[in-house]
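Please examine the arrangement of the secondary-structure elements before turning to individual side chains. The paragraphs below lead from the sheet to the core and then to the aromatic rings.

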Amino acid sequence: LQTTQNGRFYAISARFKPFSNKGKTLVIQYTVKHEQKMDCGGGYIKVFPADIDQKNLNEKSQYYIMFGPDICGFDIKKVHVILHFKNQYHENKKLIRCKVDGFTHLYTLILRPDLSYDVKIDGQSIESGSIEYDWNLASLKKEKSLAESKDRKLTEDIKAQVRSGTIFDNFLITDDEEYADNFGKATWGETKGPEREMDAIQSKEEMKKAREEEEEELQSQESDGHKNYFHRFHKRNEL
């Protein structure tokens with residue numbers, strides 16, 4: 001999936017067979033690439049109830065989980081992890097930094113039945129801990145599991161996006177951490193090297209082109225200067 005225009009909000013949803021992660025690990029994973037420098041925008045995965053009305057889906061539609069990067073100015077460069085519990089939205093109280101370069105990055109959220117969690121970028125853990133503590137959900141153990149209130153799910157990918165060229169790919173929802181890790185290596189892992197090599201080649205070509213254009217401009221200015229001097233010289237001789 002790739003955005004095509006600047007200054008737009010994009011959204012796409014996909015329905016799949018309802019499932020429950022009660023007593024199981026839940027892994028949400030995907031890749032995102034911002035080809036243009038981001039001033040304000042991002043790209044999130046949202047998990048909705050299975051009875052959601054897709055035709056009338058909007059930013060106010062109730063969801064269970066929201067996960068993904070958000071960039072706005074110099075201050076906000078974070079990974080959102082928002083959980084819905086007892087009719088309220090709870091955001092992780094830790095600041096989880098997202099990537100802000102122009103490369104493709106792999107984002108992974110892991111929620112475990114022992115109420116531990118892990119947030120990974122490019123296969124590396126950048127934040128982990130207790131769901132109870134980091135979301136201030138002290139009563140969560142009494143509910144046995146965060147998952148019990150969301151037995152049926154629909155996933156929706158929302159892009160709050162202000163630049164064209166953002167690419168979303170390699171979506172995965174599973175209960176198997178090892179499978180998610182291997183899937184990430186087989187997709188993002190296989191393309192990250194060639195992507196950076198191509199970027200280096202393009203950067204060199206752009207620098208070369210910029211130097212050539214600068215040299216042409218200097219030569220043009222020097223040529224114009226000689227012409228002007230020659231013209232003024234003849235004017236003085238005529239006088």
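Helix 2 (residues 177–186) lies across strand 2, strand 8 and strand 12, and runs at about 160° to strand 12. Helices (H or I, at least four residues) and strands (E, at least two) are DSSP runs, numbered from the N terminus; axes are lines fitted to C-alpha atoms, for helices over the stretch in contact (heavy atoms within 4.5 Å), and angles run from 0 to 180 degrees between N-to-C directions.

This is a predicted model, in which local features need pLDDT of at least 70 and side-chain atom pairs count only at pLDDT 80 or more, while totals for chains, interfaces and linings use all residues. Residues are numbered from 1 along each chain as its sequence is written, and side-chain values use heavy atoms, with hydrogens and water left out. The mean pLDDT (the predictor's confidence in each residue, from 0 to 100) is 79, and 74% of the residues reach 70 or more. Over residues 147–153 the pLDDT is below 50. Where pLDDT is low, the predicted coordinates should not be read in detail.

An open sheet of five strands has the order 10-9-8-2-12, with antiparallel pairing; two strands pair if DSSP finds at least two bridges between them. Its edge strands are strand 10 (124–130) and strand 12 (167–174). Within the sheet, strand 2 and strand 8 are joined by seven bridges, and Leu-109 in strand 8 is the bridge partner of Ile-28.

The largest nonpolar core has 26 residues, and Ile-65, Phe-67 and Val-79 have the most contacts inside it. Such a core is a set of buried Ala, Val, Leu, Ile, Met, Phe, Trp, Tyr and Cys residues joined through side-chain atoms within 4.5 Å, where buried means under 20% relative accessible area, exposed over 50% and partly exposed in between (1.4 Å probe, protein chains only). Among the residues that Phe-67 touches, not counting those up to four places away in sequence, are Ile-28, Val-79 and Leu-109.

Aromatic rings complete the picture. Rings of Phe, Tyr and Trp (its six-membered ring) pair if their centres lie within 6.5 Å; planes under 30 degrees apart count as stacked, over 60 as edge-to-face and the rest as tilted. By this rule there are eight aromatic pairs. Tyr-117 and Trp-135 have ring centres 4.7 Å apart and planes at 75°, so the pair is edge-to-face. Both of these residues, Tyr-117 and Trp-135, are buried. Tyr-179 and Phe-183 in helix 2 are stacked, with 20° between the planes.
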